[in-house]
Amino acid sequence: MQVQRTQPSKRRRLLCAAAYGAVLIMLLASAGFLLFANLESAWVEMYDELRHAVNAYEMVVNDDYLVNTYFGKADYFNLKPPLSMWAIALSFKLFGFTLEAVRLPSALASLLMLAIGALWLKRDHGSAASLTFTACLAAVNVLIAGHYSRNGDPDALYQLFFTASMLCMLNSDHDFRWFYGSALCFALAFMTKSWHALCIPAICLLYLLCARRLRELTWKRAVLLLACGFVPVLPWAIARYMRDGMAFLGGTVSVDITARMLSADTEGPLAYFRHLLCDPRFMTGAALCAAAYACFKFVGEKRKLPSQTRSHVTGCLLWLLVPPILFSFSGFKKFWYIFSSYTALAVLLGLMVQVLWSACFQGRARLWRGALTGLIAALCVTGIAADCVTIATAENPHHYQVAMMETLTREDYVGTHMYIQY
């Protein structure tokens with residue numbers, strides 16, 4: 001009799017695991033279509049993507065992967081460290097000098113970010129959180145926005161390391177040593193996006209303060225964190241200094257920090273929050289988070305979040321709010337500086353949905369839970385479907401660039417290198 005009682009439970013677990021795997025694969029496949037399909041449909045814009053592509057191209061041609069150049073001269077306009085350029089250069093070596101090769105590293109980085117976030121949420125919280133996160137981030141439209149996953153900019157790679165750092169931070173509840181992983185991810189984020197990565201230690205410090213764990217940060221641990229965060233950057237920084245002194249390294253401070261902090265602010269200090277408030281998909285996700293929490297708090301029998309969930313919700317809120325607050329102090333504002341807020345929102349919604357399905361609901365409360373979950377699923381599916389149609393039907397509007405790319409596919413021009421100049 002004991003064997004008969006345990007057998008259905010095992011069968012149910014297997015069925016749930018199979019269903020979770022199937023749905024996750026479907027969601028990642030849909031995200032893969034959004035990220036990789038029709039990559040040449042957007043035209044090459046005249047700054048970050050163009051500069052990174054040319055820098056990476058000249059690294060390969062000149063066989064010099066230390067000093068990024070533009071038209072053969074050291075580039076002091078693009079003052080980002082070279083990790084994203086190295087990724088594009090590797091893509092060039094593997095797939096040739098094409099526009100798709102410029103954008104493949106960004107698309108791959110975003111897909112990895114989705115997979116890492118989904119698997120982390122599955123392990124620490126459950127299937128509902130994992131699937132909700134993946135569906136929400138794929139549907140929220142930010143992945144196919146300009147300057148992100150479908151462009152040869154450093155932002156997708158930066159967000160991969162930013163997300164990995166935040167997940168390490170959240171894992172530190174069990175073991176402080178996870179903060180060393182967060183520091184290593186900070187080093188990789190710095191090597192991608194320079195001083196923008198300072199958001200990471202700011203969030204980690206606030207997380208310790210909010211959790212009243214600052215006493216855990218001993219002098220020994222602080223030194224180890226600094227070593228993990230900066231020692232991986234030192235070999236490149238020293239090698240670059242040996243090539244051109246402080247011309248590049250000094251420029252990263254004088255331009256990326258000083259000049260941008262002091263530049264005229266034409267949008268005002270609340271520009272990032274206006275951007276988020278005016279984004280209907282972001283606000284829909286925020287409203288669904290609030291609705292899920294309200295349903296749990298006022299309808300379910302258990303009305304208190306588990307301690308781990310409370311801690312992770314605090315971390316997600318810091319992850320969401322700190323970047324737009326910090327970058328608001330700069331007069332130089334770009335919407336892609338707060339892409340991390342969208343990832344944090346997707347994780348937060350996943351946590352709230354998991355809480356709904358982990359709590360004890362009876363009678364009509366089950367109907368409320370089912371209706372809210374169905375609404376979230378329907379909105380995510382609708383958003384993903386609309387984005388897939390957008391990607392499938394997109395065409396490069398820049399006919400001059402299209403004509404040049406078509407020209408270079410002819411056999412007569414094999415091996416020819418062409419620059420685009422306005």
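# Briefing: helix packing in a predicted model

Helix α6 (residues 155–171) packs against helix α8 (residues 199–210) at an angle of about 15°, and their axes lie 11 Å apart. That angle makes α6 roughly parallel to α8. The model is predicted. The protein has 17 helices and two strands. Its radius of gyration is 23 Å, close to the 22 Å that the globule rule gives for 422 residues, so the protein is as compact as a globular protein of that length.

**The whole protein**

- The C-alpha atoms fill a box of roughly 75 × 55 × 50 Å, taken along the principal axes.
- Of the 422 residues, 49% count as buried.
- Take the contacts between residues at least 6 apart in sequence: 78% of them join residues at least 24 apart.

**How to read a helix pair**

- Two packed helices are described by two values: the angle between their axes and the distance between those axes.

**Pair one: α6 and α8**

- The crossing of α6 and α8 is right-handed.
- From α6, the contact uses Phe162, Ser165, Met166, Met169 and Leu170.
- From α8, the contact uses Cys199, Ile200, Ile203, Cys204 and Tyr207.
- By class, the contact of α6 with α8 has nine nonpolar residues, one polar residue and no charged residues.

**Pair two: α7 and α9**

- Helix α7 (residues 178–193) and helix α9 (residues 219–230) pack at about 30°, with axes 7 Å apart.
- Angles under 35 degrees count as roughly parallel. The helices α7 and α9 are therefore roughly parallel to each other.
- The crossing of α7 and α9 is right-handed.
- On the α7 side, Phe179, Tyr180, Ala183, Leu184, Phe186 and Ala187 make the contact.
- On the α9 side, Arg221, Leu224, Leu225, Cys228, Gly229 and Phe230 make the contact.
- The residues in the contact of α7 with α9 divide into ten nonpolar, one polar and one charged.

- The axes of helix α4 (residues 99–124) and α5 come within 7 Å and cross at roughly 160°.
- Angles over 145 degrees count as roughly antiparallel. That makes α4 roughly antiparallel to α5.
- Helix α4 passes α5 in a right-handed crossing.
- In α4, the residues that meet α5 are Met113, Leu114, Gly117, Ala118, Leu119, Leu121 and Lys122.
- In α5, the residues that meet α4 are Ser127, Ala129, Ser130, Phe133, Thr134 and Leu137.
- The contact of α4 with α5 has eight nonpolar, four polar and one charged residues.

**A buried residue: Thr343**

- Thr343 sits in helix α15 (residues 339–358).
- Is Thr343 buried or exposed? Its relative accessibility is 1%, and buried means under 20%, so Thr343 counts as buried.
- Leave aside neighbours within four places in sequence. Thr343 is then in contact with Met113, Phe133, Leu137, Tyr148, Thr163 and Trp319.
- Among these partners of Thr343 is Met113, which also belongs to the α4 side of the contact with α5.
- Phe133 and Leu137 touch Thr343 too, and both are on the α5 side of the contact with α4.

**A loop residue: Asp265**

- Asp265 lies in the loop between α11 (246–262) and α12 (271–277).
- Asp265 is partly exposed, with a relative accessible area of 35%.
- Which residues does Asp265 touch, not counting those up to four places away in sequence? They are Ser328, Ser330, Gly331 and Lys333.
- Asp265 and Leu379 are 114 residues apart in sequence, and their C-alpha atoms are 36 Å apart in space.

- Most residues other than glycine have a negative phi.
- Asn38 is not a glycine, yet its phi is positive, at about 55°.
- Asn38 is in the loop between α1 (2–36) and α2 (48–62).
- At 32% relative accessibility, Asn38 counts as partly exposed.
- Asn141 is not a glycine either, and has a positive phi of about 85°.
- Where is Asn141? It is in the loop between α5 (127–139) and α6.
- Asn141 is partly exposed, with a relative accessible area of 32%.

Notes
Residues are numbered from 1 along each chain as its sequence is written. This is a predicted model: local features need pLDDT of at least 70, side-chain atom pairs count only at pLDDT 80 or more; totals for chains, interfaces and linings use all residues. Side-chain values use heavy atoms; hydrogens and water are left out. Axes are lines fitted to C-alpha atoms, for helices over the stretch in contact, and angles run from 0 to 180 degrees between N-to-C directions. Helices (H or I, at least four residues) and strands (E, at least two) are DSSP runs, numbered from the N terminus. Angles under 35 degrees count as roughly parallel, over 145 as roughly antiparallel, 65 to 115 as roughly perpendicular and the rest as oblique. A crossing is left-handed if the near helix is turned anticlockwise from the far one by less than a right angle, and right-handed if clockwise. Contact means heavy atoms within 4.5 Å. Ala, Val, Leu, Ile, Met, Phe, Trp, Tyr, Cys and Pro count as nonpolar, Asp, Glu, Lys and Arg as charged, and the others, Gly among them, as polar. The radius of gyration is taken over C-alpha atoms; the globule rule is 2.2 Å times the number of residues to the power 0.38. Buried means under 20% relative accessible area, exposed over 50%, partly exposed in between (1.4 Å probe, protein chains only).
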